[in-house]
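Welcome! Take a look at it before reading on.

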Amino acid sequence: MIRLLAAIVALVVATNAAGFSPPDEIRVDQLPPEAIHTIRLIERGGPFPFARDGSVFSNRERRLPPRYRGYYREYTVAPVGARERGARRIVAGRDGEFYYSRDHYRSFQRVRE
């Protein structure tokens, strides 16, 4: 049974990796000002406005390059004048890359400086 499960997991991982296509790119100066602010906060190490900022992003949607668990962290792009998190996020990789999602992880754009 364990071998069967391992084979299924390996097949799913191989299928998902083969079907991955890299996100489009966006220059940092094309981002909304709130997203630029979030990136600068990440680079400084905070402080962050929401408790979930800095939590592990699992990439369950498989829209980012496959990496080990804990590689990606998520941060809120705070909506102007709102007290809730909204849909926009910056996801940061351990190697210093940033991804912007304006639609709560349905799509991503790789941020280029």
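This is a predicted model: local features need pLDDT of at least 70, side-chain atom pairs count only at pLDDT 80 or more; totals for chains, interfaces and linings use all residues.

Buried residues have under 20% relative accessible area, exposed ones over 50%, and partly exposed ones fall in between, using a 1.4 Å probe and protein chains only. Residues are numbered from 1 along each chain as its sequence is written, and side-chain values use heavy atoms, with hydrogens and water left out.

**Overall picture**

- The protein chain has two helices and six strands; these are DSSP runs, numbered from the N terminus, with helices being H or I over at least four residues and strands being E over at least two.
- Starting at the N terminus, the order of elements is α-β-α-β-β-β-β-β.
- Of the 113 residues in the protein chain, 36% are buried.
- Among contacts (heavy atoms within 4.5 Å) with a separation of 6 or more, 44% are between residues 24 or more positions apart.
- The protein chain exposes about 7,400 Å², and carbon and sulfur atoms supply 54% of that area, as computed by the Shrake-Rupley method with a 1.4 Å probe.

**Strand 6 and its partners**

- Strand 1 (residues 24-27) runs parallel to strand 6 and is joined to it by four bridges; strands count as paired if DSSP finds at least two bridges between them.
- Strand 5 (residues 98-101) pairs with strand 6 in the antiparallel sense, over three bridges.
- V111 in strand 6 has I26 opposite it, and F98 stands opposite V111 as well.

**Aromatic rings**

- The structure holds eight aromatic pairs; rings of Phe, Tyr and Trp (its six-membered ring) pair if their centres lie within 6.5 Å, and planes under 30 degrees apart count as stacked, over 60 as edge-to-face and the rest as tilted.
- F57 and Y72 form an edge-to-face pair, because their ring centres are 6.5 Å apart and their planes stand at 75°.
- This pair ties together parts that are 15 residues apart in sequence, because F57 lies in strand 2 (residues 55-57) and Y72 in strand 3 (residues 72-76).
- F57 counts as buried at 5% relative accessibility, and Y72 does so at 2%.
- Y72 and Y99 also make an edge-to-face pair, since their ring centres are 6.2 Å apart and their planes are at 80°.
- With Y72 in strand 3 and Y99 in strand 5, the pair links parts 27 residues apart in sequence.
- One aromatic cluster is formed by F57, Y68, Y71, Y72, Y99, Y105 and F108.
- The charged end of R67 sits over the ring of Y71, 5.5 Å from its centre; such a charge is NZ of Lys or CZ of Arg within 6 Å of the ring centre and within 35 degrees of the ring normal.

**Around R85**

- R85 is found in the loop between strand 3 and strand 4 (89-93), and at 18% relative accessibility R85 counts as buried.
- The side chain of R85 makes a polar contact of 3.1 Å with that of E74 and one of 2.8 Å with that of T76.
- A polar contact is a pair of N or O atoms within 3.5 Å; within protein, one must be able to donate a hydrogen and the other to accept it, and residues adjacent in sequence count only if both atoms are side-chain atoms.
- Apart from neighbours within four places in sequence, R85 is in contact with F50, R52, D53, E74, T76, V77 and P79.
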